[in-house]
Amino acid sequence: MRSLSKSASCKASGIVKRQYLIDIKKEVFRKSIHICSALIPFFLYRWRVQVLVALAVVVALYSVAELLRLKKGIQIPLVSSVTAAAARKRDENKFVLGPVTLSCGIILCALLWNSLPAAIGIYSLAFGDGLASLSGKLFGKVQIPLTQGKTAAGSLTCFAAIFIATFLACRKSSVAILVASAGMFIELLPLKDFDNILIPIVLGGVAQYLLP
């Protein structure tokens, strides 16, 4: 009986470990997309209208592809495979909002704020939100109460990433501290995918208010 119990325990442990590795791979893939969005300010500076139109088209095409997948079971090449690779457990059999909120957050940030504050908002989304979740998954041992599983490691990573990105963009430590503090607070809120919209808009606005 003991050997059977031990075997079952080892099997359960192996399943948990495999699921953990799958979750980490998905998180790395998702957050690599976030981090790649840090390139967008470079393109916005040169081809602002074209980039914004391209992002809007991507949102529209992706939304159509997701609706076809959910309603008709139609798999769109590339789009459906990317969705499957990035989808978390909570996204199963649902419209995966992440790519839509990510693109909409960037578009709104670019439309609302000047070039430098908009870039800071986008960098905060790319690096702060992008690295916070990954750090929390890998190193998060201490959970913060009332945040639905957010960790101290993730929040500190978020603050550090936004501070560094903002400071390198504007060379003002006081602005970087305030923007990073606001970003860390927003990241703690249980917003799910909608932090992709709130982070760039709010932090871009804070940067615009603080910068001359």
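Where is Lys192 found? I looked there to begin with, and Lys192 turned up in the loop between H7 and H8. Helices here are DSSP runs (H or I, at least four residues), numbered from the N terminus.

A note on the model before going on. I am working with a predicted model, in which local features need pLDDT of at least 70 and side-chain atom pairs count only at pLDDT 80 or more, while totals for chains, interfaces and linings use all residues. Residues are numbered from 1 along each chain as its sequence is written, and side-chain values use heavy atoms, with hydrogens and water left out.

**Loop residues**

I checked the backbone of Lys192 and found a positive phi of about 55 degrees, although Lys192 is not a glycine. Its relative accessibility is 54%, so I put Lys192 down as exposed. My cut-offs are: buried under 20% relative accessible area, exposed over 50%, partly exposed in between (1.4 Å probe, protein chains only).

Then I turned to Arg171, which sits in the loop between H6 and H7. Arg171 is not a glycine either, yet has a positive phi of about 60 degrees. With a relative accessible area of 58%, Arg171 is exposed.

**H6 against H7**

Helix H6 (residues 152-170) packs with helix H7 (residues 173-188) at an angle of about 145 degrees, and their axes are 8 Å apart. For the record, axes are lines fitted to C-alpha atoms, for helices over the stretch in contact, and angles run from 0 to 180 degrees between N-to-C directions.

Which residues of H6 meet H7? I listed Ser155, Cys158, Phe159, Ile162, Phe163, Thr166, Phe167 and Cys170; on the H7 side, the partners include Val175, Ala176, Val179, Ala180, Gly183 and Met184. Contact means heavy atoms within 4.5 Å.

**Ser135**

I also looked up Ser135, in helix H5 (residues 115-139). Ser135 counts as buried because its relative accessibility is 10%. Leaving aside neighbours within four places in sequence, I found Ser135 in contact with Gly140, Ala153, Gly154 and Thr157.

**Aromatic rings**

How many aromatic pairs are there? My count came to 5, where rings of Phe, Tyr and Trp (its six-membered ring) pair if their centres lie within 6.5 Å, with planes under 30 degrees apart stacked, over 60 edge-to-face and the rest tilted. Phe42 and Phe43 make an edge-to-face pair, 5.2 Å centre to centre with 80 degrees between the planes. Phe42 is partly exposed at 43% relative accessibility, and Phe43 is partly exposed at 35%.

Tyr62 and Phe95 are edge-to-face too, 6.1 Å centre to centre and 90 degrees between the planes. This pair links distant parts of the chain, 33 residues apart: Tyr62 is in helix H2 (residues 40-72) and Phe95 in the loop between helix H3 (79-86) and helix H4 (98-112). I noted Tyr62 as buried at 10%, whereas Phe95 is partly exposed at 24%. Going back to Phe42 and Phe43, I saw that ring pairs link them with Trp47 into a cluster.

**H8**

Last, I checked H8 (residues 195-210). Among the buried residues of H8 I noted Asp195, Asn196, Ile199 and Leu203.

Methods:
Helices (H or I, at least four residues) and strands (E, at least two) are DSSP runs, numbered from the N terminus.
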